[in-house]
Amino acid sequence: MKYASKVLRLWKKSHRVSHINGTVQQVHRLIHNSNNDLQNKHNCTAAFIDISQAFDKVWHIGLLLKLKLALPHPEYTLLRSYLTQRKFQVRHQEEYTQLYPIHAGVPQGSILGPILYTIFTADLPVTEQTITATYADDTAILASHEDPVVATTKLQTHLHRPEHWLHQWRMCANQSKSTQVTFTMRRVYLNGRPIPQQDTVKCLDLHLDRRLTWRTHIHAKGKELDLSFKRMCWIIGRRSELSLENKLLLYKTILNPIWTHGIPLWGTASHSNIEILQRFQNKVLRKITNAPWYSRVNKNPSA
């Protein structure tokens with residue numbers, strides 16, 4: 001797939017657009033730009049666009065056209081055979097429907113799926129006045145200026161361009177899941193409808209608030225941890241006969257990744273916010289070891 005990689009490298013020449021390999025790195029890019037605006041006392045407004053059924057709505061004819069223009073003929077014919085003449089059927093209990101041809105979508109769960117989707121959306125319109133950051137089907141558009149009205153105008157001007165692109169390539173933006181996070185009360189519109197304004201937005205499993213305090217993210221992870229621990233309490237709780245070693249292994253394998261995701265970013269949150277997760281860990285460790293509720297938990301950085 002060296003030719004597909006070449007296409008992506010050519011598209012990335014604009015420093016305003018970026019596809020990054022990891023979700024944490026992508027969110028770091030967004031936070032870095034937002035923090036710079038806060039430090040420079042600029043107004044930053046962002047729109048997070050969600051594409052409806054993104055991988056299922058990739059138009060085969062449009063994708064094949066872009067592949068034909070970008071790749072040599074042998075590689076194009078190979079990918080064409082991979083996409084075309086696919087069929088599906090629906091099963092209900094013991095009954096099956098007849099076979100129907102698939103005219104859209106890239107196979108999910110495959111290695112080629114994300115690559116083909118990235119190539120299909122590589123020509124998404126951009127402007128020099130905004131920053132566009134995309135990761136799979138998640139797209140964030142940022143605009144900043146000293147004047148909040150100008151920042152919002154830049155963002156709105158950019159959003160007019162994807163409207164035509166989405167219609168041309170038979171894609172659709174999910175209005176209900178698209179979100180605007182901004183420092184001004186002026187609204188922006190997509191497809192003639194206002195994008196809902198919120199104080200927080202969930203981007204790549206990280207909750208970003210307007211002041212980047214990470215309070216919302218930590219509270220959300222705390223609730224998720226509580227729910228997950230309740231489901232596992234029967235096997236790692238006080239009454240479980242599982243060995244302490246195996247209990248800790250389950251905790252590190254299942255629960256630990258929930259709150260450590262993105263820690264290089266939210267690890268700078270205030271002590272009072274981080275203490276929320278620390279209290280959860282203390283509670284879990286006491287139950288895993290069957291220690292009394294008043295037992296002191298020593299914080300060992302090397303553990």
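This is a predicted model: local features need pLDDT of at least 70, side-chain atom pairs count only at pLDDT 80 or more; totals for chains, interfaces and linings use all residues.
**Figure 1. Overview of the protein chain, with ten helices and 13 strands.** The protein chain has 303 residues, and 44% of these residues are buried. Among the contacts in the protein chain with a separation of 6 or more, 65% are between residues 24 or more positions apart.

**Figure 2. Helix α8 and its bend at K252.** Helix α8 covers residues 244–260, and the bend at K252 is about 35 degrees. Five names make up the buried set of this helix: K247, Y251, L255, I258 and W259. The elements covering these buried residues include α7 (215–236), α9 (263–266) and α10 (271–289). After α8 comes G262, which has a positive phi, near 75 degrees.

**Figure 3. Packing of α7 against α10.** Two packed helices are described by the angle between their axes and the distance between the axes. For α7 and α10, the angle is about 5 degrees and the axes are 9 Å apart. The two helices are therefore roughly parallel, since angles under 35 degrees count as such. On the α7 side, the contact is made by R215, I218, H219, G222, L225, D226, F229 and I236. On the α10 side, the residues are N273, I274, I276, L277, F280, K283, V284, K287 and I288. Sorted by class, the residues of this contact are ten nonpolar, three polar and four charged. Both α7 and α10 are also among the elements that cover the buried residues of α8.

Figure 4. With neighbours within four places in sequence left aside, I31 is in contact with L208, L212, W214 and L265. One of these, L208, is 177 residues from I31 in sequence, while the C-alpha atoms of the pair are 8.6 Å apart in space.

**Figure 5. T127 in the loop between α5 and β7.** The loop holding T127 runs between α5 (112–120) and β7 (131–135). T127 counts as buried because its relative accessibility is 12%, and the limit for buried is under 20%. The side chain of T127 is joined to the side chain of T130 by a polar contact of 2.7 Å.

Terms used
Residues are numbered from 1 along each chain as its sequence is written. Side-chain values use heavy atoms; hydrogens and water are left out. The bend at a residue is the angle between axes fitted to the seven residues ending there and the seven starting there. Helices (H or I, at least four residues) and strands (E, at least two) are DSSP runs, numbered from the N terminus. Buried means under 20% relative accessible area, exposed over 50%, partly exposed in between (1.4 Å probe, protein chains only). Contact means heavy atoms within 4.5 Å. Axes are lines fitted to C-alpha atoms, for helices over the stretch in contact, and angles run from 0 to 180 degrees between N-to-C directions. Angles under 35 degrees count as roughly parallel, over 145 as roughly antiparallel, 65 to 115 as roughly perpendicular and the rest as oblique. Ala, Val, Leu, Ile, Met, Phe, Trp, Tyr, Cys and Pro count as nonpolar, Asp, Glu, Lys and Arg as charged, and the others, Gly among them, as polar. A polar contact is a pair of N or O atoms within 3.5 Å; within protein, one must be able to donate a hydrogen and the other to accept it, and residues adjacent in sequence count only if both atoms are side-chain atoms.
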